[in-house]
Amino acid sequence: MPSLFHNRAALAFIFVTAVLDIVAMGIIIPVLPQLIEEFVGSNAQAGVINGVFVALWAGMQFIASPIIGSLSDQYGRRPVILLSCAGLAADYVLMALAPNLWWLALGRMIAGITSSSFTTIYAYMADITAPENRARAYGLIGAAFSGGFVLGPVLGGFLGEVDPRAPFWAAAVLSGVAFLYGLFILPESLKPENRMAFSWRRANPVGAMVLLLRHRELAGLSAVNFLLYFAHHVFSAIFVLYAAYRYGWGPREVGMLLAGVGVLDMIVQGALTGPVAKRLGDRNTMILGLAGGAAGVALMGWAPTGLAFCLAMLPNALWGLAMPTLQSLMTRRVGEDEQGQLQGANMSVASIAGVASPLFFGWTYSLSVGQGAPVREPGLAFYIAAGVLALAAVIGWATARRAVLDQEPSGDAAA
């Protein structure tokens, strides 16, 4: 098995591709809810519609992710990543030209299909890293994603001040650049001898879930994965509208804050995950990340001022420790020819959360703001998300005890 350090070139290629892809996605975050609000004419109603749009995006990922993961197990990771970048470029053009909500909804559905290649990026990393290095490798990919979200929302915020449609055109250009970069630079990571023939039995969402049920540890860790994503979608569902309602922030302020979140996440995932996991083990590092995230999200719901909200980002940044170590624990439970299927199954679980969570948090937000709101507590959705993360920490603590392998440091075994 190759080590992370023997694959620096491949790591650099996938790192840059991931950054370009995420920058393109991050650019539209500050302006999409406002574009929806322009169509519907109501902040509270826009919260519900934006939740529906996120759910549509996640629903398409639920269907497409196992298919894409299984295709990458047969044909390799590179062609799947290239097709995704090209599809995203075309889709952002469609959304830039969308004349109404229906066309915008269609664009979000297509984006859900094309962005399902994130499963392939994680499988790519499993191909080129040894099991003991995967927490660090996934941390680096998480840092790449965060780096994209540093630049993306900032660009989107400034471009959105000029024209709400401009960020979509910029996203199309960046996805096109990612396609060209990958076409000429990105190498294939999956060796022919490690490939598995495509099967609809494994590629459909239900069939993909069978893999997660094969081991008790995988089933428990997939529950943690579901809860983690469920809580995370509180931001995609209501944050932009919440920040405007409670603090009077516009696209520029939202973009700057999201950039700050991205910087913190880059530091945690890129610089801290490897050393912390080496010292504490994957299991304990995951629990620390979930607990820190729960505390930070709860403080965000309480924050009476924009400054207090920004300070809550500090404990919340520990959340970045959870996903890389969770991924590392799960990849150790399957073979090399099942990594794509595993990531497809993981994304299907995340997509279920992505369908249910935005609808739930969008509905919760509509109940807590505006005239006649039955619950006069703007931070209600954040409090609920914090409780979900706390539950994930408890389940992870119990489940990951059985998933820890002999390679883990003694800190896990003794916990």
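1. Let's start with the charges: Asp73 forms a salt bridge with Arg77, with 2.9 Å between the closest N and O atoms. (Salt bridge here means a side-chain nitrogen of Lys or Arg within 4 Å of a carboxyl oxygen of Asp or Glu.) Asp73 is buried at 3% relative accessible area, and Arg77 is buried at 0%. Buried stands for under 20% relative accessible area, exposed for over 50%, and partly exposed for in between, using a 1.4 Å probe and protein chains only.

2. Before going on, note that this is a predicted model: local features need pLDDT of at least 70, side-chain atom pairs count only at pLDDT 80 or more, and totals for chains, interfaces and linings use all residues. Residues are numbered from 1 along each chain as its sequence is written, and side-chain values use heavy atoms, with hydrogens and water left out.

3. The structure holds two salt bridges. Asp127 also meets Arg77, at 2.7 Å from N to O. Asp127 sits in helix α6 and Arg77 in helix α4 (residues 77-97), so this pair ties together parts that are 50 residues apart in sequence. Shared partners put Asp73, Arg77 and Asp127 into one network.

4. On the fold: the protein has 18 helices and zero strands. These are DSSP runs (helices H or I, at least four residues; strands E, at least two), numbered from the N terminus. Of the 415 residues, 58% are buried.

5. Helix α6 (residues 118-128) deserves a look. Here 11 of the 11 residues are buried, so the helix is largely enclosed by the rest of the structure.

6. The largest nonpolar core has 105 residues, and Ile14, Tyr92, Phe239, Leu290 and Phe309 have the most contacts inside it. Helix α11 (residues 216-247) gives the most to this core, with 16 residues. Such a core is a set of buried Ala, Val, Leu, Ile, Met, Phe, Trp, Tyr and Cys residues joined through side-chain atoms within 4.5 Å. Leaving aside neighbours within four places in sequence, Ile14 is in contact (heavy atoms within 4.5 Å) with residues including Ile121, Tyr124 and Met125.

7. Ser175 is in helix α8 (residues 166-185) and is buried at 0% relative accessibility. Beyond its neighbours within four places in sequence, the contacts of Ser175 include Asp21, Cys85 and Tyr92.

8. What is the disulfide count? Taking a disulfide as a pair of cysteine sulfur atoms within 2.5 Å, the count is zero. Cys85 is buried at 1% relative accessible area, while Cys310 is partly exposed at 32%.
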